[in-house]
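Here is a short report on how parts of one protein model pack together. Please look at the sequence and the fold before reading on.

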Amino acid sequence: MARLNGTVALVTGGARGIGAGVVRRLMEEGARVAIGDILEKEGEALAAELGDAARFVRLDVSDSSSWSQALDATRQAFGPVTLLVNNAGILTVRPLEETPEADIRRIYDVNLLGPFLGMQAVVPDMKEAGGGSIVNIASASGLIGMPMQAAYSSSKWGLRGLAKTAAVELGRYGIRVNSVHPGVIRSPLTAGLDEAMFEVYAVARIGEPADIGDAVVFLASDEASFVTGADLPVDGGFVLGPVPSAS
């Protein structure tokens with residue numbers, strides 16, 4: 001039996017990469033999914049490929065009015081949202097002292113303000129439904145310090161804290177809030193990486209979008225009904241560091 005039958009999901013940044021992998025896995029488990037993104041061409045193409053249980057909704061996560069419009073479109077297509085996956089995110093790699101203020105604000109707007117606005121927008125639907133699940137796609141950079149990622153890493157640490165606070169506030173309404181922390185995952189953002197570099201980690205490969213999708217399915221399902229405020233690394237042991245070579 002599909003684990004997410006009856007679930008109406010909205011996945012931000014769902015048009016490609018990790019987001020598209022999450023969308024596919026949710027649909028395989030019976031969810032109806034709104035693909036929220038600013039990438040209209042890619043989002044429309046994915047929705048057309050996946051069929052009637054998928055819809056593309058244009059969504060700029062940093063804009064509260066865009067959230068309202070996306071939720072209205074999702075409700076019209078499928079009904080109230082009972083699963084929100086805050087996946088949209090952007091990254092810059094620069095030394096702290098060389099990161100422009102404009103980059104910091106842009107990253108915070110997408111990576112932290114966006115999920116905050118999304119939570120505010122979906123809570124009424126979830127309360128009305130008697131419960132729901134919010135899954136924030138954070139990062140391994142939200143668990144450890146990462147050089148050259150001051151803006152990105154701090155946004156993901158903030159997202160982690162936001163999830164825990166929301167879990168405490170919303171649990172009484174049957175709403176669970178958890179964080180998934182991907183390591184390096186195959187996506188447009190990681191194109192061109194030398195995959196041999198991951199052979200030194202506990203799971204000696206680069207991650208796949210479906211690995212994150214599997215984690216989201218678990219956290220969204222009844223199997224995780226007693227799980228909230230949790231941090232789930234899905235990183236092949238990246239945060240543990242390189243495995244010592246055998247002597």
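Predicted model: local features only at pLDDT ≥ 70, side-chain atom pairs only at ≥ 80, totals over all residues.

Two packed helices are described by the angle between their axes and the distance between the axes. Here the pair is α1 (residues 17-28) and α6 (residues 209-220). Their axes lie 8 Å apart, at an angle of about 50 degrees. The crossing of α1 past α6 is right-handed. The table lists who makes the contact.

| Helix | Residues in the contact |
|---|---|
| α1 | G17, I18, G21, V22, R25, L26 |
| α6 | P209, A210, I212, G213, D214, V216, V217 |

By type, the contact residues are eight nonpolar, three polar and two charged.

**The cores**

The largest nonpolar core holds 30 residues. V22, L26, I212 and V216 are among those with the most contacts inside it. Both α1 and α6 give two or more residues to this core. Beyond its neighbours within four places in sequence, V216 touches V22, L26, V85, V135 and I137. A second, separate core has 29 residues, including V61, V123, I134 and L170.

**The loop residue**

G13 sits in the loop between β1 and α1. Is G13 buried or exposed? G13 is buried, because its relative accessible area is 15% and buried means under 20%. Its C-alpha atom is 7.9 Å from that of N86, 73 residues away along the chain. Leaving aside neighbours within four places in sequence, G13 contacts G19, G36, D37, N87 and A88.

Technical notes:
Residues numbered from 1 in each chain as written. Heavy atoms only, no water. Axes fitted to C-alpha atoms, helices over the stretch in contact; angles between N-to-C directions. Helix = DSSP H or I, 4+ residues; strand = E, 2+ residues; numbered from the N terminus. Left-handed = near helix turned anticlockwise from the far one by under 90°. Contact = heavy atoms within 4.5 Å. Nonpolar A, V, L, I, M, F, W, Y, C, P; charged D, E, K, R; others polar. Core = buried A, V, L, I, M, F, W, Y, C linked by side-chain atoms within 4.5 Å. Buried < 20%, exposed > 50% of the residue type's maximum accessible area, 1.4 Å probe, protein only.
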